[in-house]
6 protein chains.
Amino acid sequence: MTRPDGRANDELRPTKITCGVQAFPEGSVLIETGMTRVLCAVSVEDNVPRFLRGSGQGWVTAEYAMLPRSTLTRTPRERTPRGRTQEIQRLIGRSLRAAVDLEQLGERTFTVDCDVLQADAGTRTAAITGSYVALHLAIAALVDEKQLPELPILSAIAATSVGIVDGEVLLDLCYEEDADADADFNIVMTAEGEFVEVQGTAEGIPYSRGALDNVLSAAEDGIRQLIAIQQDAIASA
Amino acid sequence: MTRPDGRANDELRPTKITCGVQAFPEGSVLIETGMTRVLCAVSVEDNVPRFLRGSGQGWVTAEYAMLPRSTLTRTPRERTPRGRTQEIQRLIGRSLRAAVDLEQLGERTFTVDCDVLQADAGTRTAAITGSYVALHLAIAALVDEKQLPELPILSAIAATSVGIVDGEVLLDLCYEEDADADADFNIVMTAEGEFVEVQGTAEGIPYSRGALDNVLSAAEDGIRQLIAIQQDAIASA
Amino acid sequence: MTRPDGRANDELRPTKITCGVQAFPEGSVLIETGMTRVLCAVSVEDNVPRFLRGSGQGWVTAEYAMLPRSTLTRTPRERTPRGRTQEIQRLIGRSLRAAVDLEQLGERTFTVDCDVLQADAGTRTAAITGSYVALHLAIAALVDEKQLPELPILSAIAATSVGIVDGEVLLDLCYEEDADADADFNIVMTAEGEFVEVQGTAEGIPYSRGALDNVLSAAEDGIRQLIAIQQDAIASA
Amino acid sequence: MTRPDGRANDELRPTKITCGVQAFPEGSVLIETGMTRVLCAVSVEDNVPRFLRGSGQGWVTAEYAMLPRSTLTRTPRERTPRGRTQEIQRLIGRSLRAAVDLEQLGERTFTVDCDVLQADAGTRTAAITGSYVALHLAIAALVDEKQLPELPILSAIAATSVGIVDGEVLLDLCYEEDADADADFNIVMTAEGEFVEVQGTAEGIPYSRGALDNVLSAAEDGIRQLIAIQQDAIASA
Amino acid sequence: MTRPDGRANDELRPTKITCGVQAFPEGSVLIETGMTRVLCAVSVEDNVPRFLRGSGQGWVTAEYAMLPRSTLTRTPRERTPRGRTQEIQRLIGRSLRAAVDLEQLGERTFTVDCDVLQADAGTRTAAITGSYVALHLAIAALVDEKQLPELPILSAIAATSVGIVDGEVLLDLCYEEDADADADFNIVMTAEGEFVEVQGTAEGIPYSRGALDNVLSAAEDGIRQLIAIQQDAIASA
Amino acid sequence: MTRPDGRANDELRPTKITCGVQAFPEGSVLIETGMTRVLCAVSVEDNVPRFLRGSGQGWVTAEYAMLPRSTLTRTPRERTPRGRTQEIQRLIGRSLRAAVDLEQLGERTFTVDCDVLQADAGTRTAAITGSYVALHLAIAALVDEKQLPELPILSAIAATSVGIVDGEVLLDLCYEEDADADADFNIVMTAEGEFVEVQGTAEGIPYSRGALDNVLSAAEDGIRQLIAIQQDAIASA
């Protein structure tokens with residue numbers, strides 16, 4: 001089987017992270033993965049949700065939306081975020097909270113807006129990978145401004161998708177592959193190689209434990225490369 | 001470490017499935033797992049969502065709600081289902097669709113209402129385990145009425161939760177354990193031991209690949225027992 | 001004319017009230033009237049609506065909902081309560097407030113959730129009759145815990161429906177009768193035989209003052225029996 | 001006890017019905033009862049709600065709203081009609097449907113808009129009394145235009161309120177009395193003296209059967225006078 | 001070209017402003033312009049929107065709505081104000097704020113409710129012209145009650161519409177003309193002849209600068225007459 | 001007075017239009033005006049709103065939204081478009097419809113999504129200027145594909161803002177100037193120099209007819225330059 005864009009089964013799409021693409025956010029990043037493009041912008045506010053007030057602790061939350069024509073045909077704007085959107089928002093927020101030491105953030109909320117400019121599958125994992133960089137920039141700026149004594153980051157995190165298509169394990173699916181997948185995985189890992197999130201859904205055909213093992217190995221390799229790309233982007237920012 | 005209810009780490013809570021608890025649904029079941037109680041009711045309608053019209057294919061969808069006082073303190077009714085609710089509904093529906101041959105169902109929609117009467121953790125996995133039985137009853141009734149030639153079921157499915165608490169892998173968490181878990185897993189499997197869904201979230205501490213292996217093994221054991229309870233319930237219905 | 005279930009015109013359906021059916025509410029009751037089944041759960045909170053703050057006075061309010069498949073065919077969940085639902089909620093709340101001395105309750109809100117598990121007519125009157133018992137249990141618990149000096153109950157209340165069907169006055173209509181009624185009455189009374197609420201609607205044929213007199217007499221008899229059933233339930237709780 | 005405006009206990013407020021106050025509706029009326037003023041406008045459309053399509057039968061429905069400053073202090077506009085508004089709308093519609101022979105109306109919907117310009121209690125009963133006239137005008141116009149062979153009206157209807165205040169039965173409460181009432185009744189009757197609707201709510205003190213008898217007698221007298229005012233208005237239109 | 005109602009091109013429709021038409025508002029006015037009729041009611045509250053709290057400054061805001069049968073055929077009530085309604089509300093509020101010295105109003109909000117009883121074009125400009133009078137009455141009452149030292153009014157304002165129909169400039173369009181207009185203008189001016197708002201939209205055919213000049217001259221003449229009618233109404237109130 | 005960015009009073013900000021910035025829309029453009037950046041994407045569908053079905057005529061409509069962090073501080077996403085947003089959407093749609101011959105478009109809807117990536121005032125006029133180009137590209141593509149016989153464009157249109165600040169007329173306000181303006185104008189013109197829309201609002205100080213004349217002259221000059229930039233962008237696409 002040949003992949004539509006000629007990649008090897010364990011090969012990521014070309015991925016590029018550009019920092020500082022917007023003038024106003026405290027941290028902003030454009031991540032491009034193949035044709036997928038997501039703008040990640042971090043806003044910092046000096047207050048926290050009600051359940052954290054007085055705790056001294058910070059919070060990280062995320063919103064995710066697609067421009068109407070990020071997709072092949074036009075997708076109407078969502079007034080109330082649909083189930084899929086809410087799942088993605090919750091996943092991004094949860095993943096980013098695993099990367100930072102909330103107790104060291106102070107009573108601040110970091111809101112990460114992930115706006116998909118162009119969608120060719122893998123938007124949620126690109127959003128996580130890009131958002132980590134934008135969040136790092138925003139927090140580092142607080143350290144630079146002496147508002148935080150040191151960088152309260154526990155570990156870098158990044159994410160990728162893996163699919164089982166016709167029995168083969170493919171890393172970082174594009175849209176065409178995604179539509180055909182028997183099972184679909186989104187995996188978030190730390191730079192230390194531990195799992196923050198594993199989500200694996202059989203779209204058509206249940207998968208064996210052996211297949212799951214291969215999926216996890218492919219994800220580990222891909223995420224290691226993504227974390228290197230993140231580090232380069234942060235270093236050159 | 002001793003579990004609050006004295007169970008072994010790999011022991012399910014007492015689980016009971018009672019069929020036919022409501023007069024009107026095509027299939028109905030009360031599932032009790034420890035203190036958790038979920039009513040699962042299947043309604044059959046002779047039409048399908050727009051995207052399936054004319055396809056000859058059927059559909060299975062699920063709704064999930066909690067009675068306001070199923071919880072320790074009162075939870076207001078949701079007007080628009082929140083993110084958590086939508087995720088659960090989508091998970092239940094997806095899991096049930098993996099259990100049946102949609103193409104053999106005819107243009108019918110099976111709506112499964114999962115109403116939580118009492119919540120002590122594990123409501124979504126109890127809902128899946130109970131709903132499979134209610135769905136089986138509703139489909140079997142169609143076969144009895146000669147509306148379907150044979151039972152279009154691919155495999156029984158059941159679900160359980162597993163947690164990592166203080167480094168130990170615990171099967172089928174109760175509320176008290178759930179609140180303390182470092183990582184939380186919901187796993188859906190077939191009677192053949194293949195995975196339909198694996199969802200594993202690090203709530204606080206990322207988990208290693210070795211820990212994940214132990215979690216999967218615990219889930220396999222638990223789900224095997226649940227499938228036996230399902231078969232008994234169906235046999236005696 | 002024979003009634004569908006063979007009852008005499010002035011005969012209630014078999015009615016049973018079971019206390020303590022849920023683990024968490026301050027008071028909970030399952031009321032069964034013929035095939036109608038309503039779960040009534042009382043939650044107590046230590047605050048009151050804005051218009052009562054600082055008054056020293058308490059409040060009682062009610063919510064009413066039907067499980068989607070409590071009905072013969074599936075009824076979609078209501079996001080915004082419809083007119084009928086709102087009328088019923090207001091009726092239940094108003095009736096219960098007539099039973100208690102709000103000034104002696106302290107600044108507490110008692111929220112009564114009436115969830116219909118199965119509907120065969122008379123759900124709103126069953127909800128009132130059952131909710132009174134659940135409310136009594138919740139208030140008595142506060143007295144037991146010395147949070148209230150004595151039981152601030154003015155009078156027991158109960159409710160039933162009466163219909164005029166083909167010119168005959170029938171007590172406690174079932175669904176089949178309800179659909180045919182020329183006029184439909186819901187009546188709430190105290191243990192002392194006074195009226196809290198009389199609602200009589202001509203669905204098709206206006207009714208004379210003489211017919212109304214007969215309806216009221218039938219309701220009085222029925223409610224006297226319901227109050228005895230309530231007292232037994234409370235005594236054995 | 002003297003009433004605030006010096007009326008006898010069984011005396012209506014001065015009531016005036018003016019026909020044709022708006023240029024566009026098929027029937028329109030301004031009803032003034034004391035300081036209460038309600039505009040009633042009937043719109044006729046050549047279709048019916050889904051459940052009546054193909055039945056040959058017509059429908060009458062009502063909407064009720066208050067101008068923000070119809071009240072002593074400003075009441076915000078309702079986006080979603082509140083419970084009270086929905087109850088009133090349902091009451092008006094039901095009452096008007098009792099006045100006409102729906103089967104003779106043809107597949108037409110008569111929508112009655114009752115807009116309260118000024119509110120001094122009794123707005124819902126004024127709306128019913130006024131709307132009957134507006135509906136009569138709209139139907140009579142169809143007869144004039146030979147779209148209907150004869151007037152499909154079963155009986156005139158009118159409505160009034162009665163209250164029990166300090167143990168006395170008072171006809172047609174004004175706002176000041178309404179706020180003090182122990183029990184509050186809205187009664188809709190036909191020209192023949194039969195009841196279409198009796199709604200009696202104890203706001204504070206339950207009422208005896210004897211008191212209810214006195215209330216009904218007062219209502220009968222008041223409604224007889226209102227029906228004469230309706231007839232004069234129709235005759236001079 | 002003859003206008004439908006025989007007016008000269010630069011002639012206003014007969015316009016009448018009646019003060020004090022409602023009992024409860026602090027200022028109320030009925031404005032009639034041809035067949036168009038708008039009720040304008042001002043409510044004063046002793047607080048201001050959040051962004052003005054503590055500023056010592058007041059605020060003026062407006063709501064606009066049409067009775068369902070103000071129009072030729074019935075227009076359903078708007079739950080969420082549509083775009084057109086929001087534009088009109090914003091225009092009325094902005095125009096009135098230009099008329100008063102907000103800093104001298106104290107921390108009070110003046111809410112102007114403009115309810116269209118009958119619509120024959122020009123409802124938004126009639127609403128502005130009428131609302132100015134109602135607002136003047138409400139503010140003058142505060143001066144009379146010594147709550148304000150002097151009348152904080154900068155200038156009277158009034159508004160009219162102008163259209164270009166078949167190349168001719170017509171003042172104060174009625175519905176029939178409005179539907180045919182190539183371009184449509186709403187203009188708000190002060191008593192001193194300066195512009196508060198100019199809105200000119202080409203509905204079909206773009207307009208030249210020369211045409212715009214003629215439109216502005218026609219508006220100036222009309223508004224001068226409207227301001228005289230306002231002054232008479234205020235003087236005789 | 002010197003402008004914040006040193007421009008002459010009648011000088012536009014540097015403006016750049018880049019075509020084809022998104023892969024999927026039928027026409028797409030990024031317009032940059034100073035720091036303001038708007039993405040304009042056109043989607044073509046083969047159907048029209050209900051009121052045009054069967055007319056053979058096409059439709060152009062627009063949506064406008066701001067990314068949450070397009071602004072200096074974060075602006076929450078709008079679920080229901082606010083009044084300002086609705087006004088802008090209506091203005092863009094109306095302006096674009098003036099540019100094309102709807103009758104020659106066939107029964108197609110052109111939806112223009114204007115998403116503001118960065119906001120430094122003038123976003124609505126930039127959206128109009130950019131959208132015209134994107135619409136031109138989408139229509140020209142239909143001509144290229146022989147789906148339309150010839151380009152059904154009546155005239156190019158473009159828009160700019162003008163303000164009166166401290167008595168001076170300034171072309172193309174940036175945010176800092178916009179916040180200080182006494183009066184604010186948005187003007188849409190054709191390539192032939194006729195007006196499609198003039199909107200002039202006195203934010204604080206009413207303006208004279210002479211001032212309005214100067215504003216219109218400044219706008220004419222600016223729009224002439226913008227139309228040249230549009231033509232270059234189209235030519236090089």
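How much of residues 11-138 of chain A is helix and how much is strand, and how far apart are the end C-alpha atoms? In this predicted model, that stretch of chain A is 26% helix and 31% strand, and its end C-alpha atoms lie 31 Å apart.

## The annotated domain in chain A

Residues 11-138 of chain A form one part of a UniProt annotation, "domain: Exoribonuclease phosphorolytic", which comes from an unreviewed entry and also covers residues 157-221. Over residues 157-221, chain A is 29% helix and 45% strand. The end C-alpha atoms of this second stretch are 13 Å apart.

## Where chain C meets chain B

Chain C and chain B are in contact through 32 residues of chain C and 32 residues of chain B. The size of an interface is often given as the accessible area lost when the parts come together. Between chain C and chain B, about 2,600 Å² is buried, and carbon and sulfur atoms give 50% of that area.

The rule finds 12 salt bridges between chain C and chain B. One of them joins Asp115(C) to Arg77(B), with the closest N and O atoms 3.0 Å apart.

## The side of chain C that touches chain B

Which elements give two or more residues to the side of chain C that touches chain B? They are three strands of chain C: E3 (36-45), E4 (59-66) and E5 (109-118). Strand E5(C) gives the most, with 6 residues. By residue type, this side of chain C divides into 16 nonpolar, 7 polar and 9 charged residues.

## How chain A and chain B are related

Two copies of a chain are related by a rotation about an axis and a shift along it. Chain B is superposed on chain A by a rotation of 180° with 0.0 Å of shift along the axis, at an RMSD of 0.0 Å. The two copies are therefore related as by a two-fold rotation axis. In chain B, the C-alpha nearest the axis belongs to Gln199(B), 2.2 Å from it.

Why can chains A and B be said to meet through the same surface? Because 100% of the interface residues of chain B are also interface residues in chain A.

## Chains that do not touch

Some pairs of chains have no contact. Chain B and chain E do not touch, and their nearest C-alpha atoms are 17 Å apart. Chain D and chain F do not touch either, with their nearest C-alpha atoms 14 Å apart.

Notes. Residues numbered from 1 in each chain as written. Chains lettered and ligands numbered in written order. Predicted model: local features only at pLDDT ≥ 70, side-chain atom pairs only at ≥ 80, totals over all residues. Heavy atoms only, no water. Contact = heavy atoms within 4.5 Å. Buried area = accessible area lost by both parts, 1.4 Å probe. Salt bridge = Lys/Arg side-chain N within 4 Å of Asp/Glu carboxyl O. Helix = DSSP H or I, 4+ residues; strand = E, 2+ residues; numbered from the N terminus. Nonpolar A, V, L, I, M, F, W, Y, C, P; charged D, E, K, R; others polar. UniProt positions renumbered as here; feature names shortened; annotations may be inferred. Least-squares fit on C-alpha atoms with pLDDT ≥ 70 in both.
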